Amino acid sequence: MTKVQALGYLGLRVKSLEDWEVFATEILGLAASRQGDAVVLRMDERAHRITLRAGDDELDYVGWQVAGPDALGEVAAALEAAGVPYRDDAGLAELRGVRRLLSCTDPAGYRLEFHYGPTMLQEPFVSPTGARFVTTTKDGADTGLGHVVVLCDNVDETTEFYRRVLGFAVSDHIIPVPGLLLTFLHTNPRHHSLAVAPIYGDGSPGINHFMVEVDDLDVVGRALDKVHQRKIRQLATFGRHTNDKMLSFYVQSPSGFGVEYGANGLLIDDETWSVVTYDASSYWGHVFDPA
Ligand code: FE
């Protein structure tokens, strides 16, 4: 079984790079730099965590990190065995600052970039808000930049692709309202790096939200103060999730989709873990759309 290691980076297409730069630095506490036509956001030693380019407010690509060349070879073999076409793109690897990169499209239509050897910068990451982002466990296991939640109209097929082809494991499910099944998947100790949800209500395919985690609840609280002060729309109030125990709030990004900002997320030990189904997303809070 192949094993993707972590959510290495995300690419977003956004209508306003300027609004995003302010949001990412002043609310989320990420460090921004302009690189050509892109705004590149850092949260740790990595040169590329979230890259913003001009476009139509959508998820551009999801960068899944593997351990090294052998693991990337295993991903290639698994994609071939599953009949999934992929590209080995040296030019794109150069652009993303990784040693080698394979790109494909998942069954839901999202562009994936499997890679190893991301660039680590000598210059220290300095958060504009003093945030420290959680991207490893205390033992040093890589837990990636956070998680991403995507909506798709073929949830079963998409989930099976991540499970059977890429080696993700189901963490648990939530049925927040009857008939709506959310599936959470992990690939390292972080409770989930990916969740897939069916399209519900008048929704359309796309990214629902991505999550970044900080190591201090006060940083979450201060970010929430700023969201209130600037009258930025919250998509869900402060609350605690049932499954990953995250204390977080959801804010509307300048692109419309959500960003979850939280602390105290649960780590999974595969030795003792079993899949359960929760009947609610949260123990308290996370009240949807308080605006
Ligand atoms: Fe989330």
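Q: Where does Thr25 lie?
A: In this predicted model, Thr25 lies in helix H1.

Q: Is Thr25 buried or exposed, and why?
A: Thr25 counts as buried because its relative accessible area is 14%, and the cut-off for buried is under 20%.

Q: Which residues does Thr25 touch, leaving aside those up to four places away in sequence?
A: Thr25 touches Leu30, Ala32, Pro128 and Thr129.

Q: Which residues of helix H1 are buried?
A: Helix H1 covers residues 17–27, and its buried residues are Leu17, Trp20, Phe23, Ala24, Thr25 and Ile27.

Q: What follows H1?
A: Gly29 follows H1, and the phi of Gly29 is positive, near 80 degrees.

Q: How is a pair of aromatic rings described?
A: Two values are used: the distance of the centres and the angle of the planes.

Q: How many aromatic pairs does the structure hold?
A: The structure holds ten aromatic pairs. One of them is formed by Tyr9 and Tyr61, with 5.8 Å from centre to centre and 80 degrees between the planes, an edge-to-face arrangement. This pair links distant parts of the chain: Tyr9 belongs to strand E1 (residues 6–14) and Tyr61 to strand E5 (residues 58–65), 52 residues apart. Both Tyr9 and Tyr61 are buried. Tyr162 and Phe168 also form an edge-to-face pair, at 5.2 Å centre to centre and 80 degrees between the planes. Tyr162 and Phe168 are both buried.

Q: Which residues form an aromatic cluster?
A: One aromatic cluster is formed by Trp20, Phe23, Phe210 and Phe257. Trp20 and Phe23 are also among the buried residues of helix H1.

Q: What sits over the ring of Tyr61?
A: The charged end of Arg96 sits there, 3.7 Å from the centre of the ring.

Q: Let us return to strand E1. Why is Leu7 called buried?
A: Leu7, which is found in strand E1, is called buried because its relative accessible area is 0%, and buried means under 20%.

Q: How far apart are Leu7 and Arg49 in sequence and in space?
A: Leu7 and Arg49 are 42 residues apart in sequence, and their C-alpha atoms are 9.2 Å apart in space. Leu7 touches Arg49, and its other contacts beyond four places in sequence include Val62, Trp64, Leu145, His147 and Ser193.

Q: Where is His286 found, and which side chain does its own side chain join in a polar contact?
A: His286 is found in the segment after strand E18 (282–285). A polar contact of 2.9 Å joins its side chain to that of Ser248. His286 is buried, at a relative accessible area of 11%. Among the residues that His286 touches, beyond four places in sequence, are Phe238, Arg240, His241, Met246 and Tyr250.

Q: How much space lies in the largest pocket, and which residues lie nearest its centre?
A: The largest pocket holds about 1,200 Å³ of space. Its lining has 48 residues, and those nearest its centre are Leu151, Tyr200, Asn208, His209 and Phe288.

Q: Which strand gives the most to the lining of the largest pocket?
A: Strand E13 (residues 206–213) gives the most, with four residues.

Notes:
Residues are numbered from 1 along each chain as its sequence is written. This is a predicted model: local features need pLDDT of at least 70, side-chain atom pairs count only at pLDDT 80 or more; totals for chains, interfaces and linings use all residues. Side-chain values use heavy atoms; hydrogens and water are left out. Helices (H or I, at least four residues) and strands (E, at least two) are DSSP runs, numbered from the N terminus. Buried means under 20% relative accessible area, exposed over 50%, partly exposed in between (1.4 Å probe, protein chains only). A polar contact is a pair of N or O atoms within 3.5 Å; within protein, one must be able to donate a hydrogen and the other to accept it, and residues adjacent in sequence count only if both atoms are side-chain atoms. Contact means heavy atoms within 4.5 Å. Rings of Phe, Tyr and Trp (its six-membered ring) pair if their centres lie within 6.5 Å; planes under 30 degrees apart count as stacked, over 60 as edge-to-face and the rest as tilted. A charge sits over a ring if NZ of Lys or CZ of Arg is within 6 Å of the ring centre and within 35 degrees of the ring normal. On a 1 Å grid over the protein atoms alone, a cavity is a set of points where a 1.4 Å probe fits but cannot get out, and a pocket is an open set with protein on both sides within 12 Å along at least five of seven lines; lining residues have an atom within 4 Å of a point. Grid points are joined across faces, edges and corners, and a volume is the space filled by probe spheres set on the points.
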